[in-house]
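Me: I'd like to talk through this model with you. Could you start with how the secondary structure elements are named?

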Amino acid sequence: MDIVNLALRRNLFFPSAEIYGGAAGLWDYGPIGLKIVDNVRTFWRKYAVENNNYTEISGSCILPKIVFEASGHLSSLNDPIIKCTKCGSVERADKLVAKLAGTELGESADTKEFDKIIANKKIVCEKCKGKFGKAEKFNLMFPLSLGATGKELGYLRGEACQNIFLAFSRMYKTKNCLPLGIAQAGRAFRNEIAPRNALIRVREMEQMDVEIFFNPKKDDYKVDEKRKLPILFKNGTFKEVTIKELKDKKLILHNVISAHLLQEYDMLLAMGFKKDKIRFREVDENDRAFYSAFTFDTEVETSLGWVEITANNYRTDHDLSRHGKFSKQNLSVKEEGEEKEFTPHIYETSKGLGRTVYCLIDQNLTEINGKVVLTLNPGISPYDCAVYPLVNKDGIDGVAEELNKDLKSCGFNVLYEDKGSVGKRYAKSDEIGVRYAITVDYDSLKDKAVTLRDSWTTKQDRIKIKDLKDKLFELKYKQ
Ligand SMILES: [Zn+2]
């Protein structure tokens with residue numbers, strides 16, 4: 001099913017600057033999309049941050065140049081590109097050779113490798129048949145000038161988590177021991193060469209990051225090593241394997257990694273992703289981010305194919321060592337029982353919020369009895385229920401309005417609409433992921449009851465108004 005079509009029709013999301021024709025890779029959320037996005041973020045916060053007793057910060061999106069010199073983004077957050085000498089069109093070199101020569105080089109391969117393949121396979125511009133120039137690296141960071149002197153340079157952060165590394169020593173002082181988990185949900189910016197697939201590849205995104213600072217010589221995490229994860233190995237085989245097998249194969253070096261991979265899997269299932277449509281992909285060295293010594297991408301299957309929604313990176317001591325060196329601050333710690341100071345290692349789970357929302361909608365958009373229904377779980381759904389007066393007169397509207405106010409005052413998130421046919425209103429709530437619709441009709445005036453319709457089963461129940469709150473509470477929390 002066409003998600004962008006649904007998104008535009010129901011105001012989930014739409015192109016930024018739409019009246020000017022939009023801008024590639026920039027999207028705005030509408031009222032319904034915003035509610036789903038907020039709910040996914042809250043779900044993540046409860047599951048991945050609060051349940052682990054981790055803390056959360058919210059950092060500035062603009063940071064001085066030196067931060068990204070230290071982090072390596074200015075020299076290494078690059079994509080290989082290639083320009084047509086005739087029409088000037090620019091392509092991602094890795095995507096081009098994968099598509100036209102069937103060679104998977106990875107985005108961090110040497111530019112000469114791309115030139116070789118393009119020459120050997122006589123690859124020319126698809127648009128004008130012109131010859132390509134030499135492959136080069138294009139930096140994805142957005143530079144800007146701070147203040148009026150033009151001398152102070154800053155950048156929009158290409159990766160939200162840098163603020164967490166910069167705040168580490170301040171946050172460590174409040175707890176004084178490892179492991180220390182610090183989270184952040186915030187915007188990041190990348191000048192993508194070819195933004196595409198709506199919220200999947202964008203130039204401005206929100207990342208939900210958890211960075212766990214730990215002592216590599218100490219294992220504080222207890223995990224059930226018999227539990228299995230669905231893994232796509234880099235040799236192409238797919239298998240469900242136990243944590244123990246992954247550890248025996250030295251693919252997992254520390255239980256901080258096993259514990260968080262299992263938690264990631266459980267969280268996605270609880271969010272509403274389908275069990276047979278989640279996998280962890282072992283990422284080859286040439287495709288890993290430059291700071292990572294080990295990566296398992298979480299991928300979910302959608303109508304666009306498998307899409308990465310989370311990078312699970314073992315960043316080692318790369319970040320704190322570099323920031324320590326560039327800032328001339330001591331970012332190492334001295335833990336109780338340890339003889340010497342050491343630089344903590346970092347394990348990271350970094351999730352794209354827009355991607356997660358897009359893929360969750362994709363996996364849950366379905367047809368029930370010939371009608372489009374978005375089957376979002378409670379907690380993710382934009383509204384707990386909808387309240388519809390059958391008609392907007394004869395006292396029915398008054399009962400419905402009162403019910404609407406009463407439910408809202410008890411904390412329920414209610415969609416109230418009194419215009420249009422009930423059929424059209426049902427169609428709307430079905431499509432935006434509101435599972436329960438409550439209709440107030442003429443009988444309600446006599447029997448003090450309403451119809452509760454479940455869009456997943458299309459079953460309708462007659463419920464006394466006085467029992468409605470308990471019923472909704474049960475449906476929301478006791479599943
Ligand atoms: Zn061309």
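Reply: Helices here are DSSP runs of H or I with at least four residues, strands are runs of E with at least two, and both are numbered from the N terminus. In this predicted model, serine 169, for instance, belongs to helix α8.

Me: OK, how many helices and strands are there in the protein?

Reply: The protein has 16 helices and 24 strands.

Me: Which residues is serine 169 in contact with, leaving aside its neighbours in sequence?

Reply: Once the neighbours within four places in sequence are left aside, serine 169 is in contact with Gln329 and Leu331. Threonine 103, which is 66 residues from serine 169 along the chain, has its C-alpha atom 44 Å from that of the serine.

Me: Zooming out, why would you say the radius of gyration agrees with a compact globule?

Reply: Because a compact globule of 479 residues would have a radius of gyration near 23 Å, and the 26 Å of the protein agrees with that. The C-alpha trace spans about 80 × 65 × 55 Å along its principal axes, and buried residues make up 37% of the 479 residues. Of the contacts with a separation of 6 or more, 64% are between residues 24 or more positions apart.

Me: What domains is the protein divided into?

Reply: There is domain 1 (3-73 + 154-364), domain 2 (78-139) and domain 3 (383-477). The centres of domain 1 and domain 3, taken over C-alpha atoms, are separated by 38 Å.

Me: Switching to helix packing, how do α2 and α10 pack?

Reply: Helix α2 (residues 31-49) packs with helix α10 (residues 255-271) at an angle of about 145°, and their axes are 11 Å apart. The crossing of α2 and α10 is right-handed.

Me: Which residues make that contact?

Reply: On the α2 side they are Phe43, Tyr47 and Ala48, while α10 contributes Gln263, Met267, Ala270 and Met271. By class, the contact of α2 with α10 has 6 nonpolar residues and 1 polar residue, with no charged residues.

Me: Now backbone geometry: where is the cis peptide bond?

Reply: A cis peptide bond joins leucine 178 and proline 179, with omega at about -5°. Proline 179 sits in the loop between α8 (168-175) and β10 (180-189).

Me: What about asparagine 11 and its phi?

Reply: Asparagine 11 is not a glycine, yet has a positive phi of about 60°, and is placed in the loop between α1 (3-10) and β1 (13-15). With 15 other C-beta atoms within 10 Å, asparagine 11 is partly exposed.

Me: And alanine 198, buried or exposed?

Reply: Alanine 198 has 20 other C-beta atoms within 10 Å, so this residue is buried. Alanine 198 also has a positive phi, near 50°, and lies in the loop between β10 and β11 (204-214).

Me: Last one, where does glycine 395 lie?

Reply: Glycine 395 is in the loop between β20 (385-389) and α13 (396-409), and counts as exposed because there are 12 C-beta neighbours inside 10 Å. Although glycine 395 and tyrosine 442 are 47 residues apart in sequence, their C-alpha atoms are 8.7 Å apart in space.

Notes. Residues are numbered from 1 along each chain as its sequence is written. This is a predicted model: local features need pLDDT of at least 70, side-chain atom pairs count only at pLDDT 80 or more; totals for chains, interfaces and linings use all residues. The radius of gyration is taken over C-alpha atoms; the globule rule is 2.2 Å times the number of residues to the power 0.38. Two residues are in contact if their C-beta atoms, placed from the backbone, lie within 7 Å. Domain bounds come from an automatic or database domain assignment. Axes are lines fitted to C-alpha atoms, for helices over the stretch in contact, and angles run from 0 to 180 degrees between N-to-C directions. A crossing is left-handed if the near helix is turned anticlockwise from the far one by less than a right angle, and right-handed if clockwise. Ala, Val, Leu, Ile, Met, Phe, Trp, Tyr, Cys and Pro count as nonpolar, Asp, Glu, Lys and Arg as charged, and the others, Gly among them, as polar.
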